[in-house]
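The exercises below are meant to be worked with the sequence and the coordinates open side by side. Try each task before reading the solution that follows.

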Amino acid sequence: MVLHKHVKSKILPKNRQHTDASKENQSLHSLAYSSRYATTDVPKTEIPQKPAGSTTAYQLIHDELDLDGTPAMNCASFVHTWMEPEADKLMMENISKNMSDQDEYPATMRIHGRCISMIGNMWNAENAIGTATTGSSEAIMLGGLALKKRWQARQKKAGKDTYHPNIIMGNNAQVALEKFARFFDVEARLIPVSDESHYALDIKKAVEACDENTIGIFVILGSTYTGHFEDVKGLSDLLDAYQEKTGIDIPIHVDAASGGFVAPFAFPNLVWDFKIPRVSSINTSGHKYGLCYAGIGWILWKSEEYLPKELIFELHYLGGTEYSYTINFSRPACFMIGQYYNFLRLGVEGFTNVANNDLINAREFAKGLEDSGYFDVVSDLHRPKGVFGWKEKSGISKAKEVVSKAGVIDYNPHLPVVSFKLTDEYKKNCPHVKQGAISTLIRTKGWIVPNYPLPPDADSIEILRVVVRESLSKDMLTLLLEDIVEATKRLANVENAVESFYLTSNIHVGIGKDAEIPSNNNTYSRPC
Amino acid sequence: MNYEKKREYYVTSVITYSHLYITINKAVAYRLIKDDLALDGNPALNLATFVTTYMEDEAEKLMAENLSKNFIDYEEYPQSAELCNRCVNMIARLFNAPMDNPCFESLGCSTVGSSEAIILATLAMKRKWQLSRKAKGLSTENPNIVMGANCQVAWHKAVRYLEIEGREVECTADLLYMDPQKAVDLVDENTIGVCAILGSTYTGHYEDVKAINTLLEEKCEENGWDVGIHVDAASGGFVAPFVVPELEWDFRLSRVVSINVSGHKYGLTYAGVGWAIWRSPEYLPKDLIFNINYLGSDQASFTVNFSKGAAHVIAQYYVLIRLGRRGFQKIMSNLTDTADHLAERLKATGHFEILSEGGGRGLPLVAFRLSTPHHYDEFDIARRLRQRGWIVPAYTMAHELEHMKLLRVVVREDFSRSRCELLARDVVSVLKTLDLLDEKSIEAHR
């Protein structure tokens, strides 16, 4: 989150003091809108001296928050923003519960246990052990730390150095994976993605980067850039061969932040989870395709032996003994309860319906983009299995070769995410148009569709990305498609380059020209 | 459909929970889970936890309205981010963060709790130390941090996960928290920082940060080191400034580089919010900060967690403006008075020695133990109180006093004077019962 700097009180316009307004107004003090805050500034930098009425405080904040966005048109975020009223009710009833207080809330802890079992079963675990986390960031840190400790133990046993661990991942990795590496002093070996690797992890290059100091490989099931599933099985096979050759055993951690709740339901035949012996841990976000509000993630290890004992804390907390391996301690239990509600309410059937609907809608959308003639779709969700690359368009010609016996097209296992870019032809005809302008233009209608460059380099291909969530219905996607096409048409017809430049300027950050990331000022800089 | 039959079907489904295939009616799902959760404890009688268990209806309403917001999405929810900004400002000023030099302004962030804040602070100290060592061409393989044995588990986690040697100052019969001299004696060239606790979880004591500061300042001068103090004010941060504002423990002391506080303890917000504040940007090495473009907006990120709920941060802001300084002062003094009263009543039984500090010189809690050996111990008392519904934990003291047992009652906002009286009466009654029983019967009940 943003590191907030102070605002010096002195440079602000002098606050009118919190004294009573003139005598005439005293009788109005009991009404929320006529309280002193109607005429004085809302407290921003200092805790106010005097208390305010509860209604006043509520109303003030409520009104301020009205300026927050409404998530319905936010096609940028994977994070879920709508749950049923019953779920809301349940969560609010449990808002005061602290998940770390296992002694006080044993029923909540039982529910936690059930969730772990359910997720374990979903991922074909035999004997998994796991925990709820605040999100995938925490889960990845826990997973990575376990990998590091196991590697250290192995090195110590062999009398080798433990100061130079490294971990391998594609450079399409989400920031949490790199954070793990940097926070825990592990060298991050980022394998550049390429067109051939479908902008996801290049498994051959990944294995080439392995050595005896490699603690593991992060494989992403659902790349945030384009939605591709990285090839867990393929990598595992290559690592098996590597182990045969060198004797080095390298485990896999699957970052299934998004894919963990899509693959088991929409692509049940895909082999990526604990069925593969080399996979030692998997994380997922409950608040993405787990259909919960922000604040819940999960991590599971294949079995207890993959979780080094020295990481587990035996806590004598408030009278009982508990075992815990998390980074956060006190935290809300309500989001975890919301997850359980989803499991019970939807069941496998429900989750399958949601995932499939998302995919069907996303595929239609992708085809629509291609049919418009302006766009190439970089994601491969609407192409038959094995067919990749935007040059293939929707690969219908190849579809006949891969149609299964049932006569239905088997699509590429993929997230319901559509990443797309302007065609080379359009760019040739309209060189003055920057792709970011489309994002800015549709923002005026309320849509949030971000534009950013694919890895590896900042000056490579830029994509616009739409994440299809449960709350993005087919109707809305049709509207979005229309708006995108209209914006693109408008830009094409703008002859005057200056006008196009003007349209392009990034309103939010105030940067002109391209929607580029500020130059490196010695901090890490990466789209996310 | 026959209601009874439907119910039976669902009950069976739940028992074989790993095979839940079908979608069920939402009212049924809600009811099933609600009934399950009815077996959770009642927070009102839980005198063990510091974590807030009561908030006003308006606060809950506000949280309900904002439950769906993802805090990290500033593009979508800029006002929520703004409210967090204000909280950081308010809390940093509460801790007398330096504001005179614009190049060295204090900075901070919200976290899920003090654990995350502690890990971030430790990471910052470690990185700063590493960078300065590397610049001098010295080894960075053996960082250590000095803390009291009475520190909370988050410190043990931080040292273990970040691979730092934790140098603990043991507790003694005379001093149940960290001795400043002993702490500074443990500091050497590999020390990344000293951790002082404002509000020890065992006994509620405020460690003498000022003394540590003075001694540390001397030692650093002598040796040319730059070792900072991090104050773990998880509980004390929202009590001390209101009850004992003259106590110097925060950024007024020159060596204090960072402070953490839990919003969900005496910050009077539900579990899920904490704050970390640094004195200035030089204490937060840049390479730990990730500049990312998240969903269209550029932002800096330095936290362990990324996506998380915004409701709790909003609730913290509500509490701060709703109560204001006056409100906090009133509440914290009341809690202190209640704690003092309870301590008096317990002392009056003649059975107990009070270990915590009263009169506002420590947290509003009462830590006590049997003053003379009996044929029963503190754990037996706790068990009997439990039978009456009270959760009063008994535990053993930190290293080197593991033989010392004690009980602790945390006085929170919803622990009124009348409830305090009820507890005192029950304690007296429990003591009477235990006094009458012989050793054998007590053992049988264990």
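**Exercise 1. List the residues that Glu104(A) touches, and then describe the setting of its charge.**

Solution. Leaving aside residues up to four places away in sequence, Glu104(A) touches Asp40(B), Gly41(B), Asn42(B), Pro43(B), Asn46(B) and Ile391(B), where contact means heavy atoms within 4.5 Å. As to its place, Glu104(A) is in the loop between helix 2 (85–93) and helix 3 (106–122) of chain A; helices (H or I, at least four residues) and strands (E, at least two) are DSSP runs, numbered from the N terminus.

The next step is the charge, for which Lys and Arg count as positive and Asp and Glu as negative, while His and the chain ends are not counted. Glu104(A) is buried but has no salt bridge, and the nearest side chain of opposite charge, Arg386(B), is 5.4 Å away. Buried here means under 20% relative accessible area, exposed over 50%, and partly exposed in between (1.4 Å probe, protein chains only); a salt bridge needs a side-chain nitrogen of Lys or Arg within 4 Å of a carboxyl oxygen of Asp or Glu. The side chain of Glu104(A) does have a polar contact of 3.1 Å with that of Asn46(B) (a pair of N or O atoms within 3.5 Å; within protein, one must be able to donate a hydrogen and the other to accept it, and residues adjacent in sequence count only if both atoms are side-chain atoms).

The model is a predicted one, in which local features need pLDDT of at least 70 and side-chain atom pairs pLDDT 80 or more, whereas totals for chains, interfaces and linings use all residues. Residues are numbered from 1 along each chain as its sequence is written, chains are lettered from A and ligands numbered from 1 in the order in which they are written, and side-chain values use heavy atoms, with hydrogens and water left out.

**Exercise 2. Find which residue of chain A forms a salt bridge with Lys69(B), and then examine a further pair between the chains.**

Solution. The partner of Lys69(B) is Asp68(A), with the closest N and O atoms 2.9 Å apart. This pair crosses between chains, from the loop between helix 3 (57–65) and helix 4 (78–94) of chain B to the loop between helix 1 (54–65) and helix 2 of chain A, and both Lys69(B) and Asp68(A) are buried.

Glu163(B) and Lys149(A) also meet in a salt bridge (3.3 Å, N to O). That pair runs between chains as well, from Glu163(B) in the loop between helix 6 (153–161) and strand 3 (165–169) of chain B to Lys149(A) in helix 4 (residues 136–157) of chain A. Glu163(B) is partly exposed at 29% relative accessibility, whereas Lys149(A), at 8%, is buried.

**Exercise 3. Decide whether the ring pair of Phe229(A) and Phe267(A) is stacked or edge-to-face.**

Solution. Rings of Phe, Tyr and Trp (its six-membered ring) pair if their centres lie within 6.5 Å; planes under 30 degrees apart count as stacked, over 60 as edge-to-face and the rest as tilted. Over all chains there are 26 aromatic pairs. For Phe229(A) and Phe267(A) the centres are 6.1 Å apart and the planes at 90°, so this pair is edge-to-face. Both Phe229(A) and Phe267(A) are buried.

By contrast, Phe242(B) and Phe328(B) are stacked, at 4.9 Å centre to centre with 15° between the planes. Phe242(B) belongs to helix 9 (residues 240–243) and Phe328(B) to helix 10 (residues 311–348) of chain B, 86 residues apart.
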